[in-house]
Amino acid sequence: MTASLFSGLFITALLLTTLAKLWLARRHLAHIAAHRAEVPAAFRAQIELASHQKAADYTSAKTRLAMLEALFEAALLLAFTLGGGIGWLAGFWQHAFGATIAQGIALFASVLLLSTLLETPLDLYRTFVIETRFGFNKMTWKLYLSDGIKSLLLGAALGLPLLSGVLWLMERMGGNWWLYVWAVWVGFVLLLQFIYPSFIAPLFNKFAPMQDEALKARIESLLQKCGFTASGLFVMDGSRRSTHGNAYFTGFGKTKRIVFFDTLLQRLSSSEIEAVLAHELGHFKHRHVLKRIAATFLMSLGFLWLLAQLMQAGWFYQGLGAAMPATALSTAVALLLFFMVLPVFSFLLHPLTSYFSRRHEFEADRYAAQQTAAADLASALVKMYHDNAATLTPDPLYSTFYDSHPPALVRISRLQT
Ligand SMILES: [Zn+2]
């Protein structure tokens with residue numbers, strides 16, 4: 001492999017993935033437009049034409065923004081790599097700190113801060129233009145800013161020690177560094193699972209124990225029936241930021257919690273809430289979270305091993321617009337380049353992960369249908385599609401590629417059989 005051959009490979013892969021993203025999005029837009037005039041027959045009794053068209057327009061607006069984002073991200077990636085951005089920043093920080101771990105941390109921090117700042121206008125457009133236009137946004141400028149600052153501080157508090165540890169291991173542990181780094185990464189992810197419900201999530205939202213005694217009694221008897229213990233039922237003030245609704249589990253073992261968005265509780269009947277909870281319990285019973293985490297651990301082991309091979313080759317750096325570090329003491333460049341270009345080469349894994357995710361959704365639905373009434377889950381889903389203005393008519397290929405949840409029509413017709 002030579003540097004120019006690798007550059008060519010990278011540009012080709014970037015071009016192909018960007019074109020594929022745009023092509024899929026165009027198909028999605030065309031499919032939605034073609035089905036905008038009529039509510040699909042299966043939903044005609046529950047969903048009005050106006051709501052169906054709102055969902056079509058909302059999904060189209062988000063898809064068009066995603067097309068713009070795909071182009072912007074590709075340009076940004078090119079500027080950082082072949083445009084010499086990372087090479088230049090690495091040199092700049094080496095000048096300031098020498099070839100040390102501090103240089104590596106400054107390099108990562110500056111690249112992350114720069115990309116976040118450059119992507120902010122698109123994020124602002126999504127929140128304050130699209131979400132507002134369709135009546136979902138509850139976010140104020142003040143809240144947006146305080147969320148941003150909190151995320152930044154939290155990212156620094158968690159990310160800086162992790163990155164220092166990883167860079168130190170990469171430099172000191174010789175040829176097997178990737179095994180040590182992997183072990184640290186696994187520990188870090190597991191630690192996050194434990195501290196997320198009680199320490200991280202409360203920084204952004206308020207969690208109040210569920211007050212509705214009648215509902216609570218119903219939920220507790222369902223939990224007992226399913227043999228599930230949780231350390232509490234909580235209601236989250238999701239309505240602070242948006243009117244979108246949801247329900248989820250967090251934590252592991254004894255710290256496990258069940259969280260309902262206040263927006264969801266307001267809209268669903270007690271038996272529908274029970275059915276939604278039974279679906280979440282289905283994910284738990286089938287160990288979906290554990291399976292997903294195990295899969296990402298395996299993949300990260302493979303990626304770290306690959307990086308260990310690549311970082312010894314000059315063509316890997318030069319092919320991506322950076323100079324190969326002269327000393328073994330600046331591994332940050334390799335780590336950064338690798339994780340920036342990885343999505344370009346792993347784009348084709350999308351359909352695979354989406355497929356497994358949709359299979360898990362079917363399994364959870366089946367479990368819910370056994371524990372509660374399938375009709376309640378179906379009607380809860382229709383309400384959620386309606387309230388979130390989610391399209392009922394996605395392009396089949398687009399959906400196969402990206403959707404973590406099965407299309408409404410397939411999902412609900414399976415519940416009815
Ligand atoms: Zn689910």
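## Questions on a predicted model

Student: Is Ala156 buried, exposed or partly exposed in this predicted model?

Tutor: Ala156 has a relative accessible area of 31%. Buried would need a value under 20% and exposed a value over 50%, so with its 31% Ala156 counts as partly exposed.

Student: In which helix does Ala156 lie, and how far apart in space are Ala156 and Thr63?

Tutor: Ala156 lies in a helix that spans residues 141-172, namely helix 5. Along the sequence Ala156 and Thr63 are 93 residues apart, while in space, taken from C-alpha to C-alpha, the separation is 32 Å.

Student: Which residues coordinate the zinc ion, and what spacing do its donors follow along the chain?

Tutor: The zinc ion is coordinated at 2.1 Å by NE2 of His279, NE2 of His283 and OE of Glu361. Read along the chain, these donors of the zinc ion follow the spacing H-x3-H-x77-E.

Student: By about how much of a helix are His279 and His283 separated, and are these two residues buried or exposed?

Tutor: Both residues belong to helix 9, which covers residues 270-285, and because they are four residues apart there, His279 and His283 are separated by about one helical turn. As for accessibility, His279 and His283 are each buried.

Student: In what order do the four strands of the open sheet lie, and which are the edge strands?

Tutor: The four strands form an open sheet with mixed pairing, in the order 1-2-4-3. A strand that pairs on one side only is at the edge, and this holds for strand 1 (207-209) and strand 3 (247-250). On average, and with direction ignored, neighbouring strands of this sheet are turned against each other by 35°.

Student: How do strand 3 and strand 4 run, and which residue of strand 4 is the bridge partner of Thr250?

Tutor: Strand 3 is joined by four bridges to strand 4, which consists of residues 257-261, and the two run antiparallel. The partner that Thr250 finds in strand 4 is Arg257.

Student: Which helix lies across strand 2 and strand 4?

Tutor: Strand 2 covers residues 233-236, and the helix in question runs at about 130° to it. This helix is made of residues 213-225 and is helix 7.

Note on methods:
Residues numbered from 1 in each chain as written. Predicted model: local features only at pLDDT ≥ 70, side-chain atom pairs only at ≥ 80, totals over all residues. Heavy atoms only, no water. Pairing = 2+ DSSP bridges. Axes fitted to C-alpha atoms, helices over the stretch in contact; angles between N-to-C directions. Contact = heavy atoms within 4.5 Å. Buried < 20%, exposed > 50% of the residue type's maximum accessible area, 1.4 Å probe, protein only. Donors = N, O, S within 2.8 Å, 3.2 Å for Na, K, Ca; no water.
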